[in-house]
Every structure is written in structure tokens, then in C-alpha cells.
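Here is a short report on one structure.

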Amino acid sequence: MADTVAAQFEAEALPHLDTLYRVALRLTNEPAAADDLVQDTMLRALKAWKSFQTGSNARAWLVTILRNQFISGWRSRKRAPTQVDMDAIPEPPDTGDPDPEGRFFSEIIDEEVIRAINDLPDEFREVVVLSDLEELPYAEIAMALDIPVGTVKSRLFRARRILQGRLRRYAEETGIIPSTGEDA
Amino acid sequence: MTDLPYECEAVLNKLDALRRGELTHDEISTMQAHMEVCQRCLSIERYERAFLARLKAMGSPPCPEALRTRVSAALARSAHEA
Ligand SMILES: [Zn+2]
């Protein structure tokens, strides 16, 4: 009996290990911590397997568990959440933009992109990770995070603006693009 | 940012759907017509496209084999105890 349940669980859950690992890596930003988080998640999910409705979305269910584990176990050890001043979120300049196509993005190194994602407040980081890195559909993200689809969209919109502003500043500071000299 | 004109908000809300090819012909032409006259939406659309392409270029590392083995072993132990 126990073997059948375990086999069913493995058949549904193991195909999502890659996703869980990448999400854990971006949430914790430490490979060792990501490993532990993934293992904790899978053990917890096995114990809770009875409550999973056959035919519903296993990936979203697993991401929910991973995120809850992260919040209760890992987040408390991190720095206090970053406060984002919404009024300070930059928009791309309207005129005189030296790089209106955003070509500079391709010249920014991976480490800087990852640093920018890591520095996002958790509620923005998780939507960027699930949508823009993992390419999960909005409905599945909404399910995993237990928020309305509209909230997923608006957080994603803001998160992208924050990231784009930060990467643009980086590109200006490192001379990838000339500075527009705007300080607003 | 919070006070976008209604037409802009409608367009920006559908950028992902546009990129994913989920819109009808009519919806696409409405959006294109707007972006021909709205520098802000056009600029955001281009930025998002470039930004998403940049994220994609980072690739997706798979779960390391060692972790896969470790998780399977932990699951087997746990199922045994249950
Ligand atoms: Zn517009």
C-alpha cells in the first residue's frame, strides 16, 4: 500500500524536480540551501499527498509547498525585505533614448542579471521567477501563490520595470550605453 | 506609472498575450495602431522583448543528479517509515 502511494507520488512529482530546483535556487540564492529546500519540499509533499486532488495541477501544488517552506524556514534568516519606492520606479525615457530597442540587455553579464533579480522584494521576485524564467502560465502562478491573476499581472509589470530600470542604470554606469543624464 | 491612460493600460496588459500569440487579428491591429502613436507603450514593448530574450539566454540549469539521487533516497526512507 505504502509502496503504491509512494510510486504514484513519484510519478506525479519527480518530473517537476528541475522546475522546483531552479525556483529554489532563485529564492534562496544558495545552491546548498536550494538542495535542502527541494528535499524538504518533496518530503512534505509526500506526506501531504493524500490532500492532492488527482488531475489538478501538480506543479502549482508543489511550488506552493516549496514557497511555504521557503517563507517559514528560510526567509526569516535573510535580510529584511527590501522596501521598494513605487514612485521611484523608472520608466524608459521617452525621447533621446540612445538605445530604444533595449540592445544593452544582451551585453549585461549573467551575474548582474541574477543580482538584480535577487535584490527584488520576495513578492516581485517570485512572479518574475515563475513567469519570466520558468514560463508558467498566469493561471498556474496565481494558483501557486494564491493570488488573483490580475495581481500576478500587476506585480509582474512592476517587477519588470524595476529590473529594467536597474539594468539600464548598470548599463549606463559601465558605459554600455551613454548616460541620459536624467536624475528623476 | 499608476496613472496610465486607459488605452495604455489595456495595451500593456496584453503584451504577454501578444508575445505568446494568443490574440485575435483585431486585437493585434488595435495594439499595433496604439503603439504607432504611443511612444511609451512602444518603448515598453521593445524593452520587455529585449529583457525576456536576455533572461532566456541564461538557460535553465537542470536539477543536479546528486540532488535527484538524494531526494529519491529521502523519499524511499520516508515512505518506508510511514
Ligand atoms: Zn500607450
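Helices α7(A) and α8(A) are roughly perpendicular to each other, because their axes cross at roughly 100° and angles of 65 to 115 degrees count as roughly perpendicular. The two axes come within 8 Å. Axes are lines fitted to C-alpha atoms over the stretch in contact, with angles from 0 to 180 degrees between N-to-C directions. Helices are DSSP runs (H or I, at least four residues) numbered from the N terminus.

This is a predicted model: local features need pLDDT of at least 70, side-chain atom pairs count only at pLDDT 80 or more, and totals for chains, interfaces and linings use all residues. Residues are numbered from 1 along each chain as its sequence is written, chains are lettered from A and ligands numbered from 1 in written order, and side-chain values use heavy atoms, without hydrogens and water.

The table lists the residues that meet, with contact meaning heavy atoms within 4.5 Å.

| Helix | Span | Residues in the contact |
|---|---|---|
| α7(A) | residues 138-145 | Y138(A), A139(A), I141(A), A142(A) |
| α8(A) | residues 149-173 | V149(A), V152(A), K153(A), L156(A) |

Seven of these residues are nonpolar, none is polar and one is charged. Here Ala, Val, Leu, Ile, Met, Phe, Trp, Tyr, Cys and Pro count as nonpolar, Asp, Glu, Lys and Arg as charged, and the others, Gly among them, as polar.

Chain A has eight helices and zero strands. Of its 184 residues, 49% are buried (under 20% relative accessible area, 1.4 Å probe, protein chains only).

Chain B supplies the zinc donors: C8(B) (SG), H34(B) (NE2), C38(B) (SG) and C41(B) (SG), at 2.1 to 2.3 Å. Donors are N, O and S atoms within 2.8 Å of the metal (3.2 Å for Na, K and Ca). Their spacing in sequence is C-x25-H-x3-C-x2-C. Both C38(B) and C41(B) are buried.

Definitions and conventions. Buried means under 20% relative accessible area, exposed over 50%, partly exposed in between (1.4 Å probe, protein chains only). Helices (H or I, at least four residues) and strands (E, at least two) are DSSP runs, numbered from the N terminus. Angles under 35 degrees count as roughly parallel, over 145 as roughly antiparallel, 65 to 115 as roughly perpendicular and the rest as oblique.
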